[in-house]
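Hi everyone, thanks for coming.

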Amino acid sequence: MLSRPVLTTSSIFVAAVRTGGAATCPGMSKNIPMVDEQSFEEQVLRSPLPVLVDFGAEWCGPCRAIEPIVEKIAEQHAGKVRVVQNDADASAAIAARYRVRGLPTVISFVGGNEHKRHIGATSMSVLLRLLPAELAATG
């Protein structure tokens, strides 16, 4: 009998690579910018726009399932909402700071503060409700 390695969040580390000025992570959306410990404060907490942060991991099937939804939100709300992703394995300190216990976790930030969150794969309508009311209505 062949044994398979057990992969846990703490045992997997995926390094983000820089492409076209925006960090991305293999296996995660290439259309959504990646934030890490170095860029999180500026890109999320200091953003003049509301920010939707998709916490995921390369190995996470439900994370890949919501990628097209997150990309569509980014496309439909360009200029009104910043949409970014975070590799919770590579940026474990950020995930811990925001109590990310399951993947995917999508958190909206407004004015540098957490506004709302959702844990698990879901629909576009649920993710749109994470945005401030005036933006959620335009989805």
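Okay, find L52 first: across from it, in strand 4, stands V83. When I say strand or helix, I mean a DSSP run, with helices being H or I over at least four residues and strands being E over at least two, numbered from the N terminus. Before we go on, this is a predicted model, so local features need pLDDT of at least 70 and side-chain atom pairs count only at pLDDT 80 or more, while totals for chains, interfaces and linings use all residues. Residues are numbered from 1 along each chain as its sequence is written, and side-chain values use heavy atoms, with hydrogens and water left out.

Back to our strands. Strand 3 pairs with strand 4 (residues 82–87) in the parallel sense, over 6 bridges; pairing here means that DSSP finds at least two bridges between two strands. To get from strand 3 to strand 4, the chain goes through helix 2 (residues 61–76), and this β-α-β crossover is right-handed. That means that if the strands point away from you, the path from the first strand over the helix to the second runs clockwise.

Strand 3 has another partner too: strand 5, paired in the antiparallel sense over 5 bridges. On that side, L52 has S108 of strand 5 as its bridge partner.

Buried means under 20% relative accessible area, exposed means over 50%, and partly exposed is in between, using a 1.4 Å probe and protein chains only. V51, V53 and F55 point one way from the strand, L52, D54 and G56 point the other way, and all of them are buried.

**The disulfide**

Next, the cysteines. There is 1 disulfide in the structure, where a disulfide is a pair of cysteine sulfur atoms within 2.5 Å. C60 and C63 form it, with an S to S distance of 2.3 Å. The link is right-handed, with 80 degrees about the S-S bond. Are its cysteines buried or exposed? C60 is buried at 3% relative accessible area, and C63 is buried at 4%.

Now slide along to the loop between helix 3 (92–97) and strand 5 (105–110), which is where P104 sits. The peptide bond joining L103 and P104 is cis, with omega about -5 degrees. R99 is in the loop between helix 3 and strand 5 as well, and its phi is near 50 degrees, a positive value in a residue other than glycine. Why point these out? Because most residues other than glycine have a negative phi, and most peptide bonds are trans. R99 is partly exposed, by the way, at 47%.

**Salt bridges**

Last stop. A salt bridge here is a side-chain nitrogen of Lys or Arg within 4 Å of a carboxyl oxygen of Asp or Glu, and that rule gives 2 of them. What does E41 meet in a salt bridge? Its partner is R46, at 2.8 Å from N to O. E41 is partly exposed at 42%, whereas R46 is exposed at 58%. E114 pairs up with R117, and their closest N and O atoms are 2.9 Å apart. E114 is partly exposed at 30%, and R117 is partly exposed at 24%.
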